[in-house]
Protein chains: 4
Amino acid sequence: MARGTVGRPRDTRAHAAILEAVRELLTDVGYERLTIERVAALAGVGKQTVYRWWPSKSALVAEAVLAGLIRVDAYMPEATGNLATDVRAWLVAALETQADPSRAALVRGLAAAAADRVEDADRLYTELTGPARQELIAYLAHGLGSGQIRQDADLGVVADTLAATMLYRVLTHRPAPTPREIDDLVTLVVGGIGTRAAAT
Amino acid sequence: MARGTVGRPRDTRAHAAILEAVRELLTDVGYERLTIERVAALAGVGKQTVYRWWPSKSALVAEAVLAGLIRVDAYMPEATGNLATDVRAWLVAALETQADPSRAALVRGLAAAAADRVEDADRLYTELTGPARQELIAYLAHGLGSGQIRQDADLGVVADTLAATMLYRVLTHRPAPTPREIDDLVTLVVGGIGTRAAAT
Amino acid sequence: MARGTVGRPRDTRAHAAILEAVRELLTDVGYERLTIERVAALAGVGKQTVYRWWPSKSALVAEAVLAGLIRVDAYMPEATGNLATDVRAWLVAALETQADPSRAALVRGLAAAAADRVEDADRLYTELTGPARQELIAYLAHGLGSGQIRQDADLGVVADTLAATMLYRVLTHRPAPTPREIDDLVTLVVGGIGTRAAAT
Amino acid sequence: MARGTVGRPRDTRAHAAILEAVRELLTDVGYERLTIERVAALAGVGKQTVYRWWPSKSALVAEAVLAGLIRVDAYMPEATGNLATDVRAWLVAALETQADPSRAALVRGLAAAAADRVEDADRLYTELTGPARQELIAYLAHGLGSGQIRQDADLGVVADTLAATMLYRVLTHRPAPTPREIDDLVTLVVGGIGTRAAAT
DNA sequence: GCATAAACGAGACGGTACGTCCCGTCTTTGA
DNA sequence: TCAAAGACGGGACGTACCGTCTCGTTTATGC
């Protein structure tokens with residue numbers, strides 16, 4: 001007999017309400033002042049229902065944030081094959097997404113959760129930046145065509161650098177970058193690739 | 001009579017012991033489980049003595065971390081004037097410094113403090129990365145000589161990118177980069193400057 | 001159509017297992033730390049099966065205790081007609097019964113249940129001491145013969161006094177009384193009756 | 001240096017407020033529904049202040065009840081030397097005291113605490129009935145004069161019997177006894193002493 | 001023999017209270 | 001006047017049970 005079907009089944013609405021409450025509190029009061037009791041109260045749920053499914057505040061926040069961020073699909077323009085143009089387009093789109101204050105709050109919440117639970121900080125950031133990184137690499141590779149350069153390595157460095165820079169901006173509450181700053185960053189990154197490509 | 005000098009003077013040893021206790025606890029148990037009571041107990045000090053001088057846990061941690069990091073003077077090799085060589089030398093020296101686990105714990109503690117108090121996250125990161133940024137810019141500028149390029153802007157982007165990348169590595173518990181990865185990063189950054197310099 | 005016989009009939013083994021589990025827990029951990037969940041787990045029964053048949057912990061304990069105590073039939077010696085001898089014989093037999101630690105635990109459990117539910121404290125004690133009281137009165141009356149004294153009133157007082165004294169001993173964890181103490185109690189009680197008989 | 005005087009001294013008003021709150025709750029809702037949180041809230045005190053000074057609910061209740069009962073000084077009439085008269089006078093005075101519903105609630109609370117913590121049930125009842133027992137023995141002995149009988153043993157049995165009977169009445173919510181019942185009890189108890197005295 | 005109906009085990013649910021830790025404040029003694 | 005000690009009112013922790021509520025399953029009755 002299947003063991004998984006014994007007893008009252010899990011209430012999926014309660015599950016969803018908890019994650020939504022976490023995101024709401026993250027935006028409203030931040031990670032430190034988010035408490036399990038407030039989450040439960042806001043979700044209209046018993047405390048034990050939270051503890052039954054998540055072992056800690058940081059794990060709860062991690063799942064809520066990652067689930068919340070994944071729901072948001074970034075608009076991605078067509079790749080043109082011109083590296084500078086494409087990098088700038090991706091960067092502008094990504095910055096626009098980040099401009100949403102509640103999204104920034106979620107990212108900051110995840111950073112706090114990672115600081116809290118050192119043991120899975122790595123995993124959290126991987127899950128956070130991984131999809132964007134893959135997407136960016138695919139986007140640029142498609143635009144560039146094939147055979148030009150050691151794309152995998154180079155584009156990996158580019159993607160990491162851009163991810164790090166954007167995370168840094170969020171964590172430090174930097175205002176949106178000026179066009180000039182965007183220019184500089186694109187030039188830096190694209191120039192690097194160009195140089196390496198020329199040298200190879 | 002001077003008002004400020006009336007009564008028992010502040011105990012500088014208690015002050016130092018508190019900051020040291022904070023750093024020890026950050027390394028041992030992390031930001032979340034660091035409490036004022038533990039700090040006071042570890043420092044052999046009354047709780048009130050902590051509250052008298054610092055308004056919050058995050059402020060206390062911020063001061064302790066910044067004071068702790070500043071004490072560590074990074075060894076900085078002579079600039080050669082070859083940009084790639086100099087950037088790599090600085091990067092290697094910086095990575096070596098970061099490799100110290102307790103120093104990484106301090107940086108993570110500061111990140112948690114910043115996540116805790118959004119209002120001065122900006123200031124904290126500025127104080128954390130500012131000196132390194134200035135130092136890097138001066139180091140590279142000195143090596144490059146003058147008049148070549150729009151150094152301030154270009155080097156600023158380089159410095160920010162490197163700072164972001166190194167913070168990202170610490171927060172995500174990345175292992176020390178391989179020589180290959182260092183190569184790639186140097187190429188990216190230096191290539192960018194070269195490109196822009198050539199274009200100007 | 002008979003409404004009461006439709007559906008699966010009550011499981012008498014579960015019923016008995018629950019009561020037995022209650023008695024076991026009363027002996028082992030006492031009334032306060034006895035919980036419905038522990039009872040259900042120990043009886044190998046779902047919680048709902050307990051709640052289906054008993055409205056409260058105190059009602060459950062009351063039934064379990066009374067059922068448990070009734071099962072124990074006290075040995076009762078032949079009445080001789082000599083009041084002092086008969087009272088002493090009954091008292092010794094009763095004290096022997098009470099000496100069983102698990103029986104004492106049951107009585108204490110009932111006292112706790114009564115303290116818990118004031119509204120039927122009276123009923124609980126009546127059901128607890130009632131049978132013993134009747135038995136004692138009948139025993140003494142039979143021994144005494146008839147027509148001597150206002151037996152009902154006198155013997156009622158005697159019975160109440162003895163019941164109260166024995167309950168008091170159990171609740172206060174008094175050690176078994178010495179022969180001397182038994183003597184004194186018998187003398188007190190019998191002397192009272194004799195006096196009244198003489199005076200009438 | 002005296003260790004006991006370091007730090008902020010205990011707040012005696014909070015202490016008193018807690019005990020008073022316990023007594024109020026015992027009267028209002030009974031032992032089982034009295035919770036530490038309600039006590040603290042009613043006393044206007046933090047929960048920790050309760051836990052700092054009392055290890056458990058039963059210990060708290062025990063102290064509150066005993067302190068509360070001791071405060072009530074029973075009126076005690078002059079002893080006449082006539083044993084029956086004196087016993088009846090004491091019994092009537094004691095019954096009158098017990099008639100106060102809040103006092104009865106306190107006694108029931110103590111019984112519940114004793115059932116809860118078997119290990120000091122003995123002590124609790126001793127402290128509860130001890131003073132009354134001593135007082136009764138002294139009262140009767142003074143009235144009887146000296147040299148008549150083995151007073152200590154006899155009066156001890158009388159006192160125990162009366163204490164047990166009165167506790168039993170409280171626990172079982174018996175209504176106030178009729179004059180007839182009082183008569184019977186006095187006769188029983190006094191007759192016993194008389195008999196023994198005559199026999200000696 | 002097949003629908004209806006109740007009892008059963010399991011266990012998730014919204015809650016209450018537990019006893020503990022820590023918050024930031026206050027009140028004492030001692031230097 | 002500062003500092004240690006430590007008690008204070010309060011908030012949140014993570015756990016144990018409360019009494020209720022689905023589930024799938026079992027065991028009876030009666031059409």
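User: How many salt bridges are there between chain B and chain A?
Analyst: Between chain B and chain A the count is zero salt bridges, where a salt bridge needs a side-chain nitrogen of Lys or Arg within 4 Å of a carboxyl oxygen of Asp or Glu. This is a predicted model, in which local features need pLDDT of at least 70, side-chain atom pairs count only at pLDDT 80 or more, and totals for chains, interfaces and linings use all residues. Residues are numbered from 1 along each chain as its sequence is written, chains are lettered from A in the order in which they are written, and side-chain values use heavy atoms, with hydrogens and water left out.

User: OK, and how many residues does that contact take from chain B and from chain A?
Analyst: The contact takes 36 residues from chain B and 36 residues from chain A, contact meaning heavy atoms within 4.5 Å. The area buried there is about 3,200 Å², with carbon and sulfur atoms giving 62% of it; buried area is the accessible area (1.4 Å probe) that two parts lose on being put together, summed over both. On the side of chain B, the residues losing the most area to chain A are B:Glu32, B:Tyr168 and B:Leu188, which together make up 20% of what that side buries.

User: Switching over, what does the rule find across the interface of chain D and chain C?
Analyst: Across the interface of chain D and chain C the rule finds two salt bridges. In a salt bridge between D:Asp122 and C:Arg174, the side chains meet at 3.5 Å, N to O.

User: Which helix of chain D gives the most to the side that touches chain C?
Analyst: Helix 9 of chain D gives the most, with 11 residues; helices here are DSSP runs (H or I, at least four residues), numbered from the N terminus. The residues of that side of chain D divide into 17 nonpolar, nine polar and 10 charged.

Conventions
Helices (H or I, at least four residues) and strands (E, at least two) are DSSP runs, numbered from the N terminus. Ala, Val, Leu, Ile, Met, Phe, Trp, Tyr, Cys and Pro count as nonpolar, Asp, Glu, Lys and Arg as charged, and the others, Gly among them, as polar.
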